[in-house]
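Work through these exercises with the model open. Each task is followed by a solution in steps.

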Amino acid sequence: MTKLVLLSFFFLSGVETYSAVAKNSWQTDLSKSESAVDFLAVGKPSAIKIRGKGAGLEGVLTGEDSKISGTIAVNLEKFDTGIGLRNQHMKEKYLEVAKFPKAILSNINIELGDFFNSDKLSKKGIPFEANLELHGVKNPVKGTADIERSGFDAKLKSQFKIKLSDYKIDVPKYMGITVAEDVDVNVEAKIPVTKK
Amino acid sequence: MKSIYLSLILLCLGQSVFGFPEMIRHGYVNCVACHVSPSGGGLLTPYGRSISREALSSYGKENEEKFLYGAVSLPEWILAGGDLRALQLFRNNSAVEEAKFIPMQADVEAGLVSNKITAVATAGRAPQNSANPVISRRHYMMYKPTDEWSLRAGRFFPVFGLMLPDHAIVTKRNLGWDQGQESYNLEASYLGEVYNLYVTGIFGRPDDANLIREHGFSVNASVSFLDRFKTGLSFYFGENNSQRKYLYGPFAILGFTSKLYLLTETDLTDKRTFTPEVGQHGFVNFQKLGCELFQGFHIFISDEVAQSDFGNAMSRTDSYGLGIQAFPRPHIEILATWQKQRSFAISPQYGDLAYLLLHYYL
């Protein structure tokens with residue numbers, strides 16, 4: 001009998017938490033939850049894979065039934081490519097982080113459809129749109145997003161591509177190695193299920 | 001007997017021409033970011049010199065990584081380098097006990113480099129008993145029509161498996177790629193973001209009729225994934241007037257993290273002598289698990305097994321060991337290892353091999 005009561009309580013708790021997502025809106029402050037941004041640039045010749053990571057997100061994401069929106073920012077100073085001189089060149093010469101310390105992703109628009117009302121554990125390839133302000137230049141970006149339930153949270157991952165020249169960033173060159181103009185950006189955020 | 005062992009060791013450890021594929025853990029999936037040669041090793045590019053200070057060595061001041069520490073300023077189209085190597089060796093097994101200091105290599109290397117065409121040559125001290133006091137182990141002309149494609153002709157090792165510096169390992173020594181075994185080749189290579197391909201025609205040593213070397217070809221294809229992983233397959237066919245040889249097998253360079261990496265290679269060997277007509281099937285396996293404790297200081301464990309003839313248990317050798325590898329400053333490499341080794345043809349008991357290698361690259 002005790003087991004039955006505990007089991008009932010457990011299920012009721014779970015249903016109540018998810019229904020908050022399904023029926024209502026929510027907000028999450030990314031500076032207080034798990035989040036990450038990384039980029040992948042390729043150097044030529046030799047196809048060096050330059051992965052910059054270590055930066056977290058700040059800003060607020062809002063969920064309204066099936067739509068996720070909001071504005072988030074990244075502190076560019078926090079990016080680390082694994083090699084000190086490369087970091088220095090990236091931040092001082094190309095991104096000019098002293099003048100433009102943050103990249104800002106605004107007008108985020110991700111339509112999840114019926115994901116939260118369904119039994120699906122994940123959904124991939126969801127169209128994603130936003131405006132990216134980087135190096136003092138704002139441009140629309142398009143990509144895809146994946147969402148995956150993890151307990152009572154959801155992990156949101158989005159990927160998009162940017163062209164350095166679109167943001168008036170010089171193509172990085174160093175000792176005969178030139179970085180390709182197209183850079184892949186990955187943004188990841190854990191969305192806790194909380195009531196507004 | 002001692003002199004035979006010493007000769008073997010000199011052959012095995014004599015010359016190091018390859019680079020450091022474990023740099024894949026920093027996203028370097030190909031050799032040509034740091035080396036002029038598509039297969040790695042030898043002459044460094046300006047970027048490679050910079051990385052030798054920034055990512056390979058523990059410490060280094062500005063310009064310390066340059067040729068002769070920047071004392072000589074060369075035009076952009078000339079690259080220069082070289083290698084000095086010496087070894088302090090200790091070996092103790094049922095057949096021999098010895099300790100010896102061995103000066104191994106003193107080579108200079110120069111390259112004339114343009115966007116499309118490159119010429120590279122080494123010159124250095126010849127091994128003992130050579131007819132000429134100075135030899136060129138490696139020299140080639142290379143044409144690069146694009147960033148990815150290159151065509152190379154000259155004397156160098158064909159690409160097969162892991163292109164590691166250590167010639168003592170079974171995937172080098174036992175397969176025929178010891179010191180002085182470079183052949184004249186024609187190589188086409190494609191080094192892309194994901195796929196690498198080397199196809200090499202091997203023409204032996206037409207410059208020296210006394211050297212009976214194999215003619216044939218090799219193919220090495222690999223794929224990179226997840227920034228720090230690479231795996232591939234190699235195939236080699238070689239023939240001379242006494243034997244025909246096929247070698248084939250997989251290899252992998254796995255950068256689990258920016259600090260932890262595994263190098264592994266397994267090859268099957270198929271050798272047939274013509275008179276008498278005898279076939280031998282065997283294998284070699286090499287593995288090295290390394291960890292960079294702090295920048296420029298690595299510890300590793302290694303394991304090697306080889307059996308040249310599956311039908312003959314006495315043809316088996318194996319070894320395992322550990323070591324450290326340090327790059328305290330640009331130009332300097334220190335390698336110390338201790339291994340337990342045995343050859344069933346000599347004794348089933350393990351013996352000890354330890355050596356300290358000092359390498360100074362110009």
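**Exercise 1. Locate Lys168(A), then decide whether Lys168(A) is buried or exposed.**

Step 1. In this predicted model, Lys168(A) sits in the loop of chain A that runs between β9 (153-163) and β10 (173-174).
Step 2. Take the backbone angle. The phi of Lys168(A) is near 55°. That is a positive value in a residue other than glycine.
Step 3. Take the accessibility. The relative accessible area of Lys168(A) is 64%. The cut-off for exposed is over 50%. Lys168(A) is therefore exposed.

**Exercise 2. Find where Leu226(B) lies and give its phi.**

Step 1. Leu226(B) belongs to the loop between β9 (215-225) and β10 (229-239) of chain B.
Step 2. Its phi is positive, about 50°, although Leu226(B) is not a glycine.
Step 3. Leu226(B) counts as exposed because its relative accessibility is 66%.

**Exercise 3. Describe the surroundings of Ser58(B).**

Step 1. Ser58(B) lies in a loop of chain B, between α2 (46-56) and β1 (78-92).
Step 2. Its relative accessibility is 19%. Buried means under 20%, so Ser58(B) counts as buried.
Step 3. List the neighbours, leaving out residues up to four places away in sequence. Ser58(B) touches Phe294(B), Gln295(B), Gly296(B), Phe297(B), Phe327(B) and Pro328(B).
Step 4. The side chain of Ser58(B) reaches the backbone oxygen of Gln295(B) at 2.6 Å.

**Exercise 4. Characterise the interface between chain B and chain A.**

Step 1. Count residues. On chain B, 19 residues are in contact with 17 residues of chain A.
Step 2. Take the area. About 1,700 Å² is buried between the two chains, and carbon and sulfur atoms give 58% of that.
Step 3. Find the main contributors in chain B. Tyr47(B), Glu193(B) and Asp227(B) lose the most area to chain A, together 34% of what that side buries.
Step 4. Look for charge pairing. The count between chain B and chain A is one salt bridge. The side chains of Asp227(B) and Arg51(A) meet in a salt bridge at 2.7 Å, N to O.
Step 5. Sort the residue types. The side of chain B that touches chain A has eight nonpolar, five polar and six charged residues.
Step 6. Six residue pairs across the interface are in polar contact, both residues at pLDDT 80 or more.

**Exercise 5. Find which elements of chain B have the lowest and the highest mean pLDDT.**

Step 1. Begin with the whole chain. Chain B averages a pLDDT of 91, and 95% of the residues score at least 70.
Step 2. Compare elements. Helix α1 (residues 2-13) of chain B has the lowest mean pLDDT, 41. Strand β5 (residues 139-143) of chain B has the highest, 98.
Step 3. Check the start of the chain. Over residues 1-17 of chain B the pLDDT is below 50. Beyond near neighbours in sequence, this stretch has 53 contacts in the model.
Step 4. Finish with the model scores: ipTM is 0.70 and pTM is 0.83.

Note on methods
Residues numbered from 1 in each chain as written. Chains lettered and ligands numbered in written order. Heavy atoms only, no water. Contact = heavy atoms within 4.5 Å. Buried area = accessible area lost by both parts, 1.4 Å probe. Salt bridge = Lys/Arg side-chain N within 4 Å of Asp/Glu carboxyl O. Polar contact = N/O pair within 3.5 Å; in protein donor to acceptor, adjacent residues only side chain to side chain. Nonpolar A, V, L, I, M, F, W, Y, C, P; charged D, E, K, R; others polar. pLDDT = per-residue confidence, 0-100. Helix = DSSP H or I, 4+ residues; strand = E, 2+ residues; numbered from the N terminus. Buried < 20%, exposed > 50% of the residue type's maximum accessible area, 1.4 Å probe, protein only.
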